[in-house]
Amino acid sequence: MKLIGRYSSPFVRRVAVTLQHYKMAYEHQSVMPFGDGRADVGRLNPIARVPILQLDANDVQGEMLFDSAAILDHLDEAAGPDRALVPRSGKSRRDVLARLAIALGSNEKLVTALYERHFRPKEIWYQPWIDACEQQVRDGYLWLEDQFIGPWFMGETMTQADLTTAVFWTFGMTKRPGIFAKLNCPKLRALGERLEATPAFQAVPLETEMLSSQLGD
Ligand SMILES: N[C@@H](CCC(=O)N[C@@H](CS)C(=O)NCC(=O)O)C(=O)O
């Protein structure tokens, strides 16, 4: 398998950490969907987005999977129901998917605001739109904090909700410490610190990229 996309992307990184967690071997092509990398990514994904997972088992040679959720769905299937980080059915599955939806949505709003701040000259940033996106980020994480049972999100068992939220928390703290350091989310903060210290996370350090340096706090 080959994972395409730089570990600066939280969507790529959650796939990579999951691969590490499942102890699945993979190659990594660290490429950004911006600048010089855009054409390379566009040759693989029609909308030039990462992550992409290129499969290589005999029956699926060369098949490309797009979008972190679809990729993780495939990895869960390959891991088997006993190891899968998303329960197979029922209320426990719905609960994990609900938390993932809010984590993903919050992270997408953060990325939307980052793009506005990065790609538009500062003089024409549309601040009401940035403020609205960042409020959705805060509301999403506060909801997640409220849902956290402990010691894991759903209680006794670690799920993809834990892994993804920890990856996104680290991304948020890195990109917008001015927002994340002020969020009253002690459980999410502790979750992030705990998981970042584990081998699966340590094997996939957050890579830096151009978006980070120009954004202030
Ligand atoms: N829903 C997608 C989001 C992926 C995404 O937004 N990737 C970003 C990198 S963080 C990207 O490729 N952006 C380029 C673009 O959208 O043009 C997923 O979960 O994989």
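This note comments on the sheet and the cysteines of a predicted model.

1. Sheet order. The model contains an open sheet built from four strands. Read across the sheet, the order is β2-β1-β3-β4, and the pairing is mixed.

2. Sheet edges. The edge positions are taken by β2 (27-29) and β4 (64-66). Each of these strands has a single partner strand, so one side of each is left without a neighbour in the sheet. On average, neighbouring strands of this sheet are turned by 20 degrees against each other, with direction ignored.

3. The β1-β3 pair. Strand β1 (residues 2-4) and strand β3 (residues 52-54) run antiparallel and are joined by three bridges. Within this pairing, K2 stands opposite Q54 in β3.

4. Zero disulfides are found when the whole structure is searched. C133 takes part in no disulfide, and the cysteine sulfur nearest to that of C133 belongs to C185, 18 Å away. A disulfide requires two cysteine sulfur atoms within 2.5 Å. For C185, the closest cysteine sulfur is that of C133, and the separation of 18 Å is too far for a bond.

5. Cysteine burial. Are C133 and C185 buried or exposed? C133 is buried, with a relative accessible area of 0%. C185 is likewise buried, its relative accessible area being 1%. The account of the cysteines is therefore one of buried residues, C133 at 0% and C185 at 1%, with 18 Å between the two sulfurs.

How values were computed
Residues numbered from 1 in each chain as written. Predicted model: local features only at pLDDT ≥ 70, side-chain atom pairs only at ≥ 80, totals over all residues. Heavy atoms only, no water. Pairing = 2+ DSSP bridges. Helix = DSSP H or I, 4+ residues; strand = E, 2+ residues; numbered from the N terminus. Axes fitted to C-alpha atoms, helices over the stretch in contact; angles between N-to-C directions. Buried < 20%, exposed > 50% of the residue type's maximum accessible area, 1.4 Å probe, protein only.
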